[in-house]
Amino acid sequence: NTVADVNQSLVDDGLVDKEKIGGSNYFWSFPGKRDRMMQIKHEQTLSAIEDLKGKVAEASARLADAKRGREDEGGERAKKLA
């Protein structure tokens, strides 16, 4: 890998910024940028988890509603299926 390839991969990953000024390419990175990116990703993950917890609770409630009234009293369902 050449230096240009490594620089381009860092730019693609968002770890390094690149600016073309005149005929030169300038690369730089701020120390806190990676930390901030990780913090944003963490917040998004926590938000997604909360959304999924709500969906699971909703699905569980719907399942409980669907099961209500379908209880098999005395094993009649099994006898009828046999």
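R62, at 53% relative accessibility, counts as exposed. The side chains of these two residues meet in a salt bridge with an N to O distance of 3.0 Å, where a salt bridge is a side-chain nitrogen of Lys or Arg within 4 Å of a carboxyl oxygen of Asp or Glu. The model is predicted, so that local features need pLDDT of at least 70 and side-chain atom pairs count only at pLDDT 80 or more, while totals for chains, interfaces and linings use all residues. Residues are numbered from 1 along each chain as its sequence is written, and side-chain values use heavy atoms, with hydrogens and water left out.

Both E58 and R62 lie in helix α2, four residues apart, about one turn of the helix. An α-helix has 3.6 residues a turn, so residues three or four places apart point the same way. Helices (H or I, at least four residues) and strands (E, at least two) are DSSP runs, numbered from the N terminus.

Four salt bridges are found in a search of the whole structure. One of them joins K33 and D17, whose closest N and O atoms are 2.6 Å apart. K33 belongs to helix α2 and D17 to strand β1 (residues 17-21), so the pair ties together parts that are 16 residues apart in sequence. A further salt bridge links R68 and D65 at 3.0 Å, N to O; R68 is exposed at 56% relative accessible area, whereas D65 is partly exposed at 48%.

Methods
Buried < 20%, exposed > 50% of the residue type's maximum accessible area, 1.4 Å probe, protein only.
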